[in-house]
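Visitor: I would like to go through the labels on this model one by one. Please set each against its cut-off.

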Amino acid sequence: RKEVGISDVIVPPSSSLRNRLTFVSKMKFAVCAVVASLVPASAFVTPSSLLSRPRTAEKSSSVLKADLDPSFAGGLSGNTVEIPNFDPANYLEKADGETLKWYRAAEQKHGRICMLACLGAIAQGFVNLPDSPFQNHSCFGGLAQVWAERPLAIIQILLAISAVEVLGANVQEQTAEGGDLKWDPLGLQGTFSDEEFAAMQTRELKNGRLAMISFLGIAAQEAVTGKGVFESFTS
């Protein structure tokens with residue numbers, strides 16, 4: 001009887017690249033199966049514990065909200081229980097009312113732009129204009145191609161951005177709250193109470209903060225790999 005050593009198990013018997021890749025995939029699946037089998041039994045809960053979980057979550061949420069300083073950032077929305085009173089550089093200590101308004105307007109503007117940018121970076125892999133420069137799946141590569149082949153299109157885009165920026169700045173000067181551009185075509189703001197509207201503002205800020213970090217990751221990934229979001233997923 002031939003004894004099987006460790007090397008006989010780890011090294012695939014075939015030298016074919018496809019066989020090796022298949023073997024590695026099977027090994028990964030086996031490792032995942034072993035790890036999954038080590039999950040403790042406490043992960044599986046009974047229906048009674050599921051019913052009691054909302055009360056526990058509600059109690060924990062109340063405790064976390066108690067850590068929030070209501071006067072933080074002048075009482076503006078966006079102070080969250082995940083990272084309460086977050087101001088590591090102490091920008092808010094010396095900020096007056098106008099400065100806080102400018103901070104909030106800048107944060108919301110960058111968050112909204114990055115939410116649109118992330119959506120565009122993903123949609124660019126699925127929807128393209130018929131013109132060849134606009135069929136590039138890479139964000140910055142496509143922008144460079146448009147600039148090289150259709151420079152007038154870039155000028156039109158810059159003019160449109162400038163017009164929106166000037167209009168937003170003029171509207172912002174007439175509003176008391178930072179980031180409020182008086183744009184509510186569906187009239188949804190009037191359907192919320194003050195508390196509900198503050199919660200909606202916090203959700204927008206949290207999604208905008210996440211989008212800013214996400215687009216930074218998209219830009220870094222494309223700079224390193226040279227591939228867009230769609231190409232990275234399909235490659």
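**Helix packing and burial**

Guide: Helix H4 (residues 97-123) packs with helix H7 (residues 194-225) at an angle of about 55°, and their axes are 7 Å apart. Axes are lines fitted to C-alpha atoms, for helices over the stretch in contact, and angles run from 0 to 180 degrees between N-to-C directions. Helices are DSSP runs (H or I, at least four residues), numbered from the N terminus. This is a predicted model: local features need pLDDT of at least 70, side-chain atom pairs count only at pLDDT 80 or more, and totals for chains, interfaces and linings use all residues. Residues are numbered from 1 along each chain as its sequence is written, and side-chain values use heavy atoms, with hydrogens and water left out.

Visitor: Why are H4 and H7 called oblique to each other?

Guide: Angles under 35 degrees count as roughly parallel, over 145 as roughly antiparallel, 65 to 115 as roughly perpendicular and the rest as oblique. The H4 and H7 angle is about 55°. H4 and H7 are therefore oblique.

Visitor: Which residues of H4 and H7 make the contact?

Guide: Contact means heavy atoms within 4.5 Å. Among them are Cys114, Cys118 and Ala121 of H4, and Ala211, Phe215 and Ile218 of H7.

Visitor: What makes H5 roughly perpendicular to H6?

Guide: Helix H5 (residues 139-149) and helix H6 (residues 151-173) pack at about 115°, with axes 5 Å apart. That angle makes H5 roughly perpendicular to H6. Leu143, Val146, Trp147, Ala148 and Glu149 in H5 meet Pro151, Ala153 and Ile154 in H6.

Visitor: Which residues form the largest nonpolar core?

Guide: A nonpolar core is a set of buried Ala, Val, Leu, Ile, Met, Phe, Trp, Tyr and Cys residues joined through side-chain atoms within 4.5 Å. The largest has seven residues: Cys114, Cys118, Ala121, Cys139, Ala211, Ile218 and Val229. H4 gives the most to this core, with three residues. Leaving aside neighbours within four places in sequence, Ile218 is in contact with Cys118, Ala121 and Val229.

Visitor: Why does Thr202 count as buried?

Guide: Buried means under 20% relative accessible area, exposed over 50%, partly exposed in between (1.4 Å probe, protein chains only). Thr202 has 17% relative accessibility, so Thr202 counts as buried. Thr202 lies in H7.

Visitor: What does Thr202 touch, not counting residues up to four places away in sequence?

Guide: Thr202 touches Ser77, Gly78 and Thr80. Thr202 and Gly78 are 124 residues apart in sequence, yet 4.6 Å apart in space, C-alpha to C-alpha.

Terms used
Helix = DSSP H or I, 4+ residues; strand = E, 2+ residues; numbered from the N terminus.
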